Amino acid sequence: MKAINYSPLISRLDTDVQRAVRLRASDSCEACGVPLDGSGAFLPVVRYTRDPLPKAVMTSAANVVLVCRPCKELTDARDPWMEVLGFSHSRGNDPRLEPMVIPGRRGIMTVWRGTDGLYHSEPPDVSD
Ligand SMILES: [Zn+2]
C-alpha cells in the first residue's frame with residue numbers, strides 16, 4: 001500500500017495564487033459562473049495524493065478552484081456531480097491531470113488548470 005501524502009492546508013494558500021485563481025475565474029464561481037465580487041471560497045481539488053507530489057504543485061493554482069457558497073456546500077458534502085465536473089477528487093491523482101467542466105462564453109467547456117494560473121485546452125506534460 002502506497003503512502004498517502006496530505007496536501008498543505010488551503011488556508012495557507014499564497015496570496016499570489018489566490019489572485020491568479022480569481023483572475024483565471026474572472027472573479028466568478030468556476031462551477032456555476034455566478035459573479036463573486038471578491039467573495040467565494042478557495043478549495044483544494046485534490047487533498048490527498050497516492051504518489052507524493054511537489055508542494056509547489058499541491059499549493060499551485062492547478063490544485064485550487066474558486067467557488068460560491070452553494071457550490072462549496074455541494075463540494076463539502078462530497079456531491080458526486082461536483083466530482084464529475086472535476087471540482088473535487090477522492091481518487092487523489094495529480095491535480096494537473098484532472099480536467100474540469102466550466103461554464104464558458106459559448107457553453108460548457110473542459111479545461112485543465114495549469115500551475116501558471118491559466119486554463120489549458122489539454123492536459124500538461126508532467127513527465128519529468
Ligand atoms: Zn457556484
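Which strand among the elements of the chain has the lowest mean pLDDT, and which the highest? Here pLDDT is the predictor's confidence in each residue, from 0 to 100, and the table has the reply; helices (H or I, at least four residues) and strands (E, at least two) are DSSP runs, numbered from the N terminus.

| Strand | Residues | Mean pLDDT |
|---|---|---|
| β1 | 5-6 | 42, the lowest |
| β7 | 119-120 | 96, the highest |

This is a predicted model, in which local features need pLDDT of at least 70 and side-chain atom pairs count only at 80 or more, while totals for chains, interfaces and linings use all residues. Residue numbers start from 1 along each chain, as its sequence is written. The chain has a mean pLDDT of 86, with 88% of its residues at 70 or more.

Now to the interior. A residue is buried if 20 or more other C-beta atoms, placed from the backbone, lie within 10 Å of its own. A nonpolar core joins buried Ala, Val, Leu, Ile, Met, Phe, Trp, Tyr and Cys residues through C-beta atoms within 7 Å. The largest such core has 21 residues, and Ala 31, Val 65, Val 67 and Phe 87 have the most contacts inside it. At least two core residues come from each of β4 (64-67), α3 (69-76) and β5 (99-104), with β4 giving the most, four.

Helix α3 has Cys 71, Lys 72, Leu 74 and Thr 75 as its buried residues. Seen down the helix axis, they fall within an arc of 160° (taken from the directions from the axis to the C-beta atoms), so they line one face of α3. Just after this helix, Arg 78 takes a positive phi of about 55°.

Terms used
A residue is buried if 20 or more other C-beta atoms lie within 10 Å of its own, exposed if 12 or fewer, and partly exposed in between; C-beta atoms are placed from the backbone.
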